[in-house]
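The following exercises are to be worked through with the sequence and the model in view. Each task is followed by its solution.

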Amino acid sequence: MIGTSLALLSGCAINMPVPVKDITPSADKYTKAEAAAPASLYFVDAQTAENKAKLVTGRIPMNPTYQGKPLDAVSWLSRNTVAELAGRGLPVKLANEAAGANTVQVKFLHIENRRISGFSPFETFTSLNADLVTAKGQQRIAFWVKRGKVPVWSFDEVIDPTFNVPLALMSKELAARINQYMYGQSISDAQVDALVKKIEGAGKEINALDVYELGFGNNPRAVASLVKWVKAEDGDVARAATSALGILNANDKLPVLVELYEKSKSDVEDRATAFKAICDLNGAEAKAYVAKQGSALAGKDDREAATFKAIMALYK
């Protein structure tokens, strides 16, 4: 009976293979990348045995694969993160051993799926926490994103939007954060302006991935445009703009993010995106706000509180 219910709910997707693709690296190079010092990155899978064994959890059992074999998520992440950094023009290579390399310790990498009914979107919630260890010290990097798709003809339609897109965003955000901590490079004002023009010219057909690119570009010139899009009608676009403000450490936009987080009538996941962006900010006021929310959430176990506490846990 349970199997039948799951089959109806998922569209016969139980234990289906999910082919994971490599990313397409960003095309916009950082402006002074040629002057950057060469570096190597060594990735360590520091997850617990339980987390390693349960990459995907949720209502519908699914099996991510890469080139026909079970997906080694950390290995995939390492190659694609370095590919993104190289695509930006940075002289970063993937190391085979820790000696002489900067280290990325992946503590948690997880995909949770959800589908309420056969007519509702299939949704994934993809998260990561990792520590970047360099000569400068240790930096925590966290990632969380919600993506959804209603399959029309086949359940295969959900694979790219709910698995490949969020995994690509994960590797690109990780690369952007590594750049911030190791190099501080950014795309040019002209590149920002060109992206903004492209997004504005798309009308109601804005590609949310272009909005994310403004965050990954590490140029604060993008902030003013992003603020306009945090309330976009398209939820993916609004969440992309909200996330990008956090990636850019737009501390002066904390009130904007707090307003989004505290809107009780918004979807939990929209509020969670704003909360994640607040957690990303490095300013004292944002850190104090997060600490206050942590105290307010203590002892609560409803779905909203559990979501917000899970995001906070990524930063600990």
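**Exercise 1. Describe the hairpin of β4 and β5 and the surroundings of β4.**

Step 1. In this hairpin two residues lie between the strands, and Gln-67 has a positive phi near 50 degrees. The model is a predicted one, in which local features need pLDDT of at least 70 and side-chain atom pairs count only at pLDDT 80 or more, while totals for chains, interfaces and linings use all residues. Residues are numbered from 1 along each chain as its sequence is written, and side-chain values use heavy atoms, with hydrogens and water left out.

Step 2. Strand β4 (residues 62-66) and strand β5 (residues 69-70) run antiparallel and are joined by two bridges. Strands are DSSP runs of E with at least two residues, helices are runs of H or I with at least four, and both are numbered from the N terminus; two strands pair if DSSP finds at least two bridges between them. Tyr-66 has Lys-69 in β5 as its bridge partner.

Step 3. β4 also pairs with strand β1 (residues 16-19), in the parallel sense and over four bridges. Here Thr-65 in β4 stands opposite Pro-19.

Step 4. Four of the five residues of β4 are buried (under 20% relative accessible area; exposed is over 50%, partly exposed in between, with a 1.4 Å probe and protein chains only).

**Exercise 2. Determine how helices α6 and α8 are arranged.**

Step 1. The axes of α6 (residues 208-216) and α8 (residues 235-247) come within 8 Å and cross at roughly 5 degrees. Axes are lines fitted to C-alpha atoms, for helices over the stretch in contact, and angles run from 0 to 180 degrees between N-to-C directions.

Step 2. The two helices are therefore roughly parallel to each other (an angle under 35 degrees).

Step 3. Residues of α6 in contact (heavy atoms within 4.5 Å) with α8 include Val-211, Tyr-212 and Phe-216, and among their counterparts in α8 are Val-237, Ala-240 and Ile-247.

**Exercise 3. Characterise the setting of Asp-210.**

Step 1. Asp-210 belongs to helix α6. Its relative accessible area is 14%, so Asp-210 is buried.

Step 2. Leaving out residues up to four places away in sequence, Asp-210 touches Leu-195, Lys-198 and Ile-199.

Step 3. The side chains of Asp-210 and Lys-198 are joined by a polar contact of 3.4 Å (N or O atoms within 3.5 Å; within protein, one must be able to donate a hydrogen and the other to accept it, and residues adjacent in sequence count only if both atoms are side-chain atoms).

Note on methods: Parallel < 35°, antiparallel > 145°, perpendicular 65-115°, else oblique.
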